[in-house]
Amino acid sequence: MASRRLLDQELVEVETSQPVSMGRGNWLQLECISYKDNNNVQRQWERCVRRKERASNVDAVDVHAILLTPAPEMLLVVQFRPAIECYCIEFPSGLIDINENPLVSAQRELKEETGYDIPLSEFDLVKTPLAYEPGLSNSCCYVAKVTIDLSNLSSPPSQSLEADEWSLQVISLPLDNIINNLLDLQKSHDGKLIIDSRVYALASGIAYAQKLQQNTSNR
């Protein structure tokens, strides 16, 4: 059976209204947006947006970092997230400042959160907007990829955390058996730890690729 790489239906233009504010806080606001569906029926949707000066929906950059130890490991952070009232296993990540090169943002956030000070030239930016939670928010991010060879480091990593990052810890998990490594870490903390869906998605993709490669080599 041939793969399906094209959509059956054309992506039509959807007419949307100017968002109406329903309330705001210091950093976020709630909006109501109206749109017309394919039958010209008027519908409404509520969304959460960041309060910011720039118009772009790309707010942040996630860093996908692999440590060569020499076996490859995924570099992650764990921090308390008040919104979920729990700790979360996440990628190093941070907001992009106004008019800032996203690669510079990635380099800065990796250094601040994990202590790894990596030259800008070693980052690979995937400059495609990726939705965080499209049913809830218009917020998007870019992804920056970097491979860190620990044997090339001139000094051990040293974090530069802000006051509100008091809970942030750095971990690295072997790519081999990555899904079980994540789940075992989560289970070991008695319900206090949740895996970010983006971390799980990448780990799941790696696990599928490893399994398919193993099955192919065993034929």
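**Terms and ground rules**

I began with pairing: two strands pair if DSSP finds at least two bridges between them. Strands themselves are DSSP runs (E, at least two residues), helices are DSSP runs too (H or I, at least four residues), and both are numbered from the N terminus. I noted that this is a predicted model, in which local features need pLDDT of at least 70 and side-chain atom pairs count only at pLDDT 80 or more, while totals for chains, interfaces and linings use all residues. I also noted that residues are numbered from 1 along each chain as its sequence is written, and that side-chain values use heavy atoms, with hydrogens and water left out.

**Entry 1: the whole protein**

I looked up the elements and found three helices and 11 strands in the protein, which run β-β-β-β-β-β-β-α-β-β-β-α-β-α from the N terminus on. Along its principal axes the C-alpha trace spans about 60 × 55 × 40 Å. Of the 219 residues, 33% count as buried, where buried means under 20% relative accessible area, exposed means over 50%, and partly exposed lies in between (1.4 Å probe, protein chains only). The protein exposes about 14,500 Å², and carbon and sulfur atoms supply 51% of it; these areas come from the Shrake-Rupley method with a 1.4 Å probe, and for residues only the protein chains shown count as cover. I then turned to contacts, which mean heavy atoms within 4.5 Å; among those between residues at least 6 apart in sequence, 55% join residues at least 24 apart.

**Entry 2: the annotated domain**

I checked the UniProt record, an unreviewed entry, which lists residues 58-196 as "domain: Nudix hydrolase". UniProt positions are given in the numbering used here, feature names are shortened, and annotations may be inferred rather than shown by experiment. Over residues 58-196 the chain is 17% helix and 40% strand, and the end C-alpha atoms are 19 Å apart.

Strand 1 and strand 2 (residues 28-36) run antiparallel and are joined by four bridges, and in strand 2 the bridge partner of Arg-24 is Gln-29.

Why is strand 4 largely enclosed by the rest of the structure? Nine of the 11 residues of strand 4 (residues 58-68) are buried, so the strand is largely enclosed. I then listed its pairings:

- With strand 9 (residues 140-149), strand 4 pairs in the parallel sense over 10 bridges, and Leu-67 has Ile-148 in strand 9 as its bridge partner.
- With strand 7 (residues 93-95), strand 4 pairs in the antiparallel sense over three bridges, and Val-61 has Gly-94 in strand 7 as its bridge partner.
- With strand 5 (residues 72-81), strand 4 pairs in the antiparallel sense over four bridges, and Ile-66 stands opposite Met-74 in strand 5.

Strand 4 and strand 5 also form a hairpin, with three residues between them.

**Entry 3: the nonpolar cores**

A nonpolar core is a set of buried Ala, Val, Leu, Ile, Met, Phe, Trp, Tyr and Cys residues joined through side-chain atoms within 4.5 Å. Which residues of the largest core touch the most other members? Of its 18 residues, they are Leu-110, Phe-123, Val-146 and Ile-148. Strand 4, helix 1 (102-114) and strand 9 are the elements that give two or more residues to this core. A second, separate core of 15 residues includes Val-78, Phe-91, Ile-178 and Ile-195. In soluble globular proteins, nonpolar side chains tend to be buried together.

**Entry 4: two residues in detail**

I looked at Val-146, which lies in strand 9; with a relative accessible area of 3%, Val-146 is buried. Leaving aside neighbours within four places in sequence, Val-146 is in contact with several residues, including Val-63, His-64, Leu-110 and Phe-123.

Is His-64, at 19% relative accessibility, buried or exposed? His-64 lies in strand 4 and counts as buried. Not counting residues up to four places away in sequence, His-64 touches Phe-91, Val-143, Ala-144, Lys-145, Val-146 and Leu-202.
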